[in-house]
Amino acid sequence: MNYREQYERWLDMFKDDKATYDELIALKDEQEIEDRFYTSLKFGTAGMRGVLGAGLNRMNVYNVRRATAALAMYILTQPQNAQRGVAIAYDSRRNSDLFAKQAALTLCARGVKVYLFDSLRPVPELSFTVRYLNCIAGIVVTASHNPAEYNGYKVYWEDGGQVSPEIASQITRLIDTIDYPEALPMDEDEAVSKGLLNIIGAQIDDAYISAVKKLCVNPQLAREMGGQLKIVYTPLHGSGNIPVRRILKEIGFKQVYVVPEQELPDPNFSTVRLPNPEDPAAFTLALKLQEKLDADVVFGTDPDCDRVGIAVKDKMGQTHILTGNQTGCLLLDYILSQKQAQGKLPSDGAAVKSIVTTEMARAICRKFSVKLFDVLTGFKFIAEMIHRFETDHDHEFLFGFEESYGYLSGTDVRDKDGVNACMLIAETAAWYKKRGMTLYEALNDLFEKYGHYGERVKSVTLKGKDGLDKMSAIMTRLRVNPPERFGSFEVVASRDYQSGIRDEHGVKSHLGLPVSNVLYYELTNKAWICIRPSGTEPKIKLYVNAVSKSAEQTNKYLDELMNSAEELVAE
């Protein structure tokens with residue numbers, strides 16, 4: 001059916017749902033109707049994410065039920081999995097609680113046991129819960145750091161990580177076999193009486209916080225410096241408020257001040273343009289409070305509390321918002337140096353980063369004789385590497401991070417963990433404060449030791465029906481006519497993660513990573529550029545990285561590289 005036929009079908013199918021029918025009948029813009037109905041909302045390894053509203057290509061209760069029915073069908077290919085159950089959490093976004101409840105009851109209608117949280121919880125706690133309760137799968141209703149008009153639906157598997165591409169593709173195929181009237185939920189009272197719907201809360205919270213506390217590198221340090229380090233924290237209206245404050249209090253940090261305007265859940269995220277700790281504007285209120293209190297460090301977590309951004313002061317009192325790469329390298333160096341000093345650094349220790357994350361991490365790992373592994377973008381691939389270490393018994397996982405503000409230092413959770421990260425950042429800041437240093441000075445010490453690494457990331461948005469076609473055309477053109485240079489930087493080697501080949505002047509080798517639509521260019525002077533379509537939004541992301549002996553020179557390199565990359569994509 002074409003988009004118009006799908007639109008008419010929805011009008012007929014949901015005529016008894018007044019809110020949905022009224023929304024659809026009010027549509028007058030033909031382009032808007034086309035955008036809502038020309039395709040189904042994509043289900044991938046990151047689940048579904050989209051603008052809230054009625055339609056095939058929107059986040060709504062009907063698409064949630066349909067996807068959940070498909071997940072149930074996949075789970076029931078092994079009938080014994082039904083009793084292992086599915087854990088479900090949700091954040092503070094519009095309709096998150098509704099979607100979570102409807103997903104739960106849709107599973108119950110198919111005989112699958114459900115563990116549903118009693119209120120909003122962070123993504124890492126859901127990942128923990130899947131493993132803690134030995135569930136077969138997990139669901140989180142969240143759109144992470146997207147604007148308020150979005151919501152989403154992420155699926156986790158029994159290892160606590162997001163589903164693999166193989167499982168996601170099988171669920172997608174099953175979704176296509178299910179019509180909306182077939183994806184109906186069970187009555188809630190019936191689900192409870194049959195023991196299928198189980199509400200969970202405080203007991204899981206206690207177990208999760210206990211697991212995170214064990215990852216404290218220097219417990220005595222936190223108790224010793226806890227009354228001196230001053231922290232400002234903003235949950236950005238999301239799920240981090242309670243667990244982040246709890247973990248900091250329980251390990252000994254007493255001066256934690258929450259931004260009052262952003263403390264409570266708000267699905268409109270009315271105090272920020274974007275609830276994204278990668279966006280400096282999200283820290284506006286937190287920085288005002290930091291200035292008022294003369295606080296050492298600011299933490300900000302996104303609505304589902306898997307990402308953390310920080311702001312720190314230098315000795316002159318000037319505030320600096322750190323990048324995800326900078327925070328990750330500070331944590332990596334702290335963890336490895338402290339474990340070495342304590343005699344606890346394992347000979348088979350390993351760290352993991354994504355291919356678009358700074359190479360400064362490699363220099364740090366080299367100093368401590370720790371193996372660094374590269375994986376594709378997406379924390380699920382770091383989770384898969386942790387699982388591989390456990391299966392092969394060849395490495396001990398120490399730390400994993402992505403440039404997009406995601407960090408993890410343990411194995412009980414298999415996704416980036418904002419609660420874990422806030423604890424580690426506080427501990428690292430306390431370590432340096434005890435030595436009369438700020439985190440900003442600590443970062444500059446790393447630059448002096450390893451080189452001034454820098455990065456830029458830019459997204460080129462391509463909205464609407466033609467957006468996907470444009471993204472495909474750009475990537476095809478780059479493969480057919482590969483660039484030989486970016487400005488004054490020559491291409492030393494290219495990596496095409498779709499073909500799995502690294503090409504260095506005609507000498508080809510296999511990359512050994514899963515297939516992904518990503519192009520990566522190794523350049524002279526240890527610089528690099530990566531170009532990839534986003535997995536969750538209609539845009540192409542450009543990553544440029546450079547290193548030199550000074551911050552000024554590195555910034556000049558970055559300007560040149562980004563300008564050249566933008567010109568190439570825009571041709």
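This briefing describes selected features of the structure shown above. The structure is a predicted model, in which local features need pLDDT of at least 70 and side-chain atom pairs count only at pLDDT 80 or more, while totals for chains, interfaces and linings use all residues. Residues are numbered from 1 along each chain as its sequence is written, and side-chain values use heavy atoms, with hydrogens and water left out.

**Helices H10 and H17**

- Helix H10 (residues 202–213) packs with helix H17 (residues 418–434) at an angle of about 40°, and their axes lie 10 Å apart. Helices (H or I, at least four residues) and strands (E, at least two) are DSSP runs, numbered from the N terminus. Axes are lines fitted to C-alpha atoms, for helices over the stretch in contact, and angles run from 0 to 180 degrees between N-to-C directions.
- H10 and H17 are therefore oblique to each other. Angles under 35 degrees count as roughly parallel, over 145 as roughly antiparallel, 65 to 115 as roughly perpendicular and the rest as oblique.
- From H10, the residues making the contact are Tyr208, Val212 and Lys213; from H17, they are Val419, Asn420 and Met423. Contact means heavy atoms within 4.5 Å.
- By class, this contact of H10 with H17 comprises 4 nonpolar, 1 polar and 1 charged residues. Here Ala, Val, Leu, Ile, Met, Phe, Trp, Tyr, Cys and Pro count as nonpolar, Asp, Glu, Lys and Arg as charged, and the others, Gly among them, as polar.

**Nonpolar cores**

- The largest nonpolar core has 89 residues, of which Phe253, Phe299, Ile310, Leu332 and Leu439 touch the most other members. A nonpolar core is a set of buried Ala, Val, Leu, Ile, Met, Phe, Trp, Tyr and Cys residues joined through side-chain atoms within 4.5 Å.
- H17 supplies the largest share of this core, 11 residues.
- Apart from this core lies another, of 57 residues, including Ala54, Tyr90, Ala191 and Leu197.
- Leu439 touches Val297, Ile310, Val312, Leu330, Ile425, Thr428, Ala429 and Tyr432, not counting residues up to four places away in sequence.

**Residues within helices**

- Asn325 is placed in helix H14 (residues 324–341) and counts as buried, at 3% relative accessibility. Buried means under 20% relative accessible area, exposed over 50%, and partly exposed in between (1.4 Å probe, protein chains only).
- Leaving aside residues up to four places away in sequence, Asn325 touches Thr357, Thr358, Phe401, Glu403, Glu455 and Asn545.
- Gln326 is also found in H14 and is buried, with a relative accessible area of 18%. Beyond residues up to four places away in sequence, Gln326 touches Leu443 and Phe447.
- Pro243 lies in helix H12 (residues 241–251) and is buried, at 10% relative accessibility. With residues up to four places away in sequence not counted, Pro243 touches Pro122, Ile209 and Val419.
- Pro243 and Asp206 are 37 residues apart in sequence, and their C-alpha atoms are 9.8 Å apart in space.

**Residues in loops**

- His505 is in the loop between strand S19 (501–504) and strand S20 (507–510). Phi of His505 is near 50°, a positive value in a residue other than glycine, and His505 is exposed, with a relative accessible area of 65%.
- Asn525 is in the loop between strand S21 (519–523) and strand S22 (528–533). Asn525 has a positive phi of about 60°, although it is not a glycine.
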